[in-house]
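Subject: Structure for you to look at

Hi,

Here is the structure I promised to pass on, along with my notes on it. Please have it open while you read.

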Amino acid sequence: MAASVLSFLISACMTFLVVFFGRKVTPSNRCSHDVPTPSAGGVSFWAVFCLGYVYYANQGTWIIPFPCFVAVLGLGLISLYDDYFHLCYRTRLMVHLSCAALVLYSGLIVQMPLLAGKDIFALDIVLTVLLVVGLINACNFFDGINGLLSGCTLCLLLCA
């Protein structure tokens, strides 16, 4: 319980710092903002995830494989860089595919019950890559709409 309270406090403090002292994004035709909006607010979630991983890995109770942690670490770094310097879509797609490869390497593969025991052109690997890249891009899309990603994540956590 103390770890979750500490995680919340760290996230709240980092979010406060980013919102009030961080870089502001000016409205453009690519975003839904009408006024300058803080950028890189997701860094607080990313940092709490990384701190939580280290904490629970030391406790021996974390269930996320290390390659997935590396994928999240890389994704957070490239996303933070993109918030400030705008990467081209090819670079972002290569990072997303690299994250999907790390997820596959860790052994987390989507398995379809209807195709259990059948190897149809490595469909499970293709579906895993599409799922990982799709989820990353869905989160990026929702992140561009103020509060929508946080609200969806909160609903998922409350319903789980």
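Below is what I found, going from the whole chain down to single side chains.

**The chain as a whole**

Please keep in mind that this is a predicted model. The secondary structure consists of six helices and two strands, and along the sequence they come in the order α-β-β-α-α-α-α-α. Of the 160 residues, 21% are buried. The exposed surface comes to about 11200 Å², with carbon and sulfur atoms supplying 73% of it. As for contacts, if you take those with a separation of 6 or more, 54% are between residues 24 or more positions apart.

In soluble globular proteins, nonpolar side chains tend to be buried together. The largest nonpolar core here has ten residues: Cys-68, Ala-71, Leu-75, Val-95, Cys-99, Ala-100, Val-103, Val-132, Val-133 and Ile-136. At least two of its residues come from each of α3 (66–85), α4 (89–105) and α5 (123–143). The helix that gives the most is α4, with four residues.

Beyond its neighbours within four places in sequence, Cys-68 is in contact with Val-103, Ser-106 and Leu-108.

**Helix α2**

Helix α2 covers residues 43–59, and its 17 residues should span 24 Å at 1.5 Å a residue; the end C-alpha atoms are 24 Å apart, so the two figures agree. The buried residues in α2 are Val-43, Ser-44, Ala-47, Val-48, Cys-50, Gly-52 and Tyr-53. Just after the helix, Gly-60 has a positive phi of about 80 degrees.

The same check works for α3: its 20 residues should span 28 Å at 1.5 Å a residue, and 28 Å is the distance between its end C-alpha atoms. Pro-67, Cys-68, Phe-69, Ala-71, Leu-75, Gly-76 and Asp-82 are the residues buried in α3. After the helix comes His-86, with a positive phi near 50 degrees.

The Ser-79 side chain reaches the backbone oxygen of Leu-75 at 2.7 Å. Ser-79 is also 8.9 Å from Val-43, C-alpha to C-alpha, although 36 residues separate the pair in sequence.

What about Asp-82, buried or exposed? Asp-82 has a relative accessible area of 16%, so it counts as buried, the cut-off being under 20%. Its side chain reaches the backbone nitrogen of Leu-87 at 2.7 Å. Leaving out residues up to four places away in sequence, Asp-82 touches Leu-87 and Arg-92.

**The salt bridge**

How many salt bridges does a search of the whole structure find? The search turns up one. It pairs Arg-92 with Asp-82, and the closest N and O atoms are 3.6 Å apart. The two partners are ten residues apart and link distant parts of the chain, with Arg-92 in helix α4 and Asp-82 in helix α3. Arg-92 is partly exposed, at a relative accessible area of 22%, while Asp-82 is buried at 16%.

Gly-107 follows α4, and its phi is positive, near 95 degrees.

Ser-106 lies in the loop between α4 and α5. A polar atom of the Ser-106 side chain lies 2.6 Å from the backbone oxygen of Val-103. Not counting residues up to four places away in sequence, Ser-106 touches Pro-65, Pro-67 and Cys-68.

Best wishes

Notes:
Residues numbered from 1 in each chain as written. Predicted model: local features only at pLDDT ≥ 70, side-chain atom pairs only at ≥ 80, totals over all residues. Heavy atoms only, no water. Core = buried A, V, L, I, M, F, W, Y, C linked by side-chain atoms within 4.5 Å. Buried < 20%, exposed > 50% of the residue type's maximum accessible area, 1.4 Å probe, protein only. Contact = heavy atoms within 4.5 Å. Expected span 1.5 Å × (residues − 1). Polar contact = N/O pair within 3.5 Å; in protein donor to acceptor, adjacent residues only side chain to side chain. Areas by Shrake-Rupley, 256 points an atom, 1.4 Å probe, with all protein chains shown as cover. Salt bridge = Lys/Arg side-chain N within 4 Å of Asp/Glu carboxyl O.
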